[in-house]
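The entries follow in the order in which I checked them.

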Amino acid sequence: MGEPREHSYTYDLPIWGQTGVKSSQTTSDVSAVGNTATIQSKTTYKPEYGVTGYTTYSASYTTFTGFALLSAVDVGRYKADRQIVEVWKTRIACVGKNGDLRGVFPAMIGGAWDLFAKSTGRIVERSVSDSSREVVWIRNPKGPGPIQGTAQAGRPTAPGWWSQ
């Protein structure tokens, strides 16, 4: 695992409130007694609402970068003459909030297992959930495989995965 990396950010949330008066209505009652008139008026205001300001919030979080390099060798060649001949290599990197490789490694392998022994010719980006079928299978290889029927005695049967 790489060193922790701190990320900070700020954001503004609007404050909702009265911004003014949308309309008003005045009603008046006039009463007269002799030579004297009395006027009573009442004004009703309809408020207008909108953004009256903003509140700024700040937060931070830490991410870690994990790395794995998987290299497959020709077992038959090794058994025959003790030479290590690399057949394929896969590099995996991940960025997340978990700094414990033991917790991250199953997601790294589960997220890349179908690319082992293949040349993609490019970087492949994926998001992997701890509850995804692939990750659950890596944590419990005796269960059903990531694709129905691929688990056999706890090992995948995809070509290039395991040599016996």
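I began with Tyr9, which is partly exposed at a relative accessible area of 41%; here buried means under 20% relative accessible area, exposed over 50% and partly exposed in between, with a 1.4 Å probe and protein chains only. The model is predicted, so I noted that local features need pLDDT of at least 70 and side-chain atom pairs count only at pLDDT 80 or more, while totals for chains, interfaces and linings use all residues. Residues are numbered from 1 along each chain as its sequence is written, and side-chain values use heavy atoms, with hydrogens and water left out.

I then placed Tyr9 in strand S1, where strands (E, at least two residues) and helices (H or I, at least four) are DSSP runs numbered from the N terminus. Leaving aside residues up to four places away in sequence, I found that Tyr9 touches Tyr57, Ser58, Ala59, Ser60 and Tyr61, contact being heavy atoms within 4.5 Å. Tyr9 and Tyr61 are 52 residues apart along the chain, and their C-alpha atoms are separated by 8.9 Å.

Next I looked up the rings. Tyr9, Tyr11, Tyr57 and Tyr61 form one aromatic cluster, and the charged end of Lys97 sits over the ring of Tyr61 at 5.0 Å from its centre (NZ of Lys or CZ of Arg within 6 Å of the ring centre and within 35 degrees of the ring normal).

The structure holds five aromatic pairs, a pair being rings of Phe, Tyr or Trp (its six-membered ring) with centres within 6.5 Å, stacked if the planes are under 30 degrees apart, edge-to-face if over 60 and tilted for the rest. Tyr11 and Tyr57 are stacked because their ring centres are 5.7 Å apart and their planes lie at 25°. This pair joins strand S1 (residues 5–33) to strand S2 (residues 36–73), across 46 residues. Tyr11 is partly exposed at 37%, and Tyr57 is partly exposed at 37% as well.

I compared this with Trp113 and Trp137, a tilted pair at 6.5 Å centre to centre and 55° between the planes. Trp113 is in the loop between helix H2 (101–112) and helix H3 (133–139), and Trp137 is in H3, 24 residues apart. Trp113 is buried at 6%, and Trp137 is buried at 3%.

Last, I checked H2, where nine of the twelve residues are buried, among them Val104, Met108 and Ile109. The buried residues of H2 pack against S2, strand S3 (86–96) and H3.
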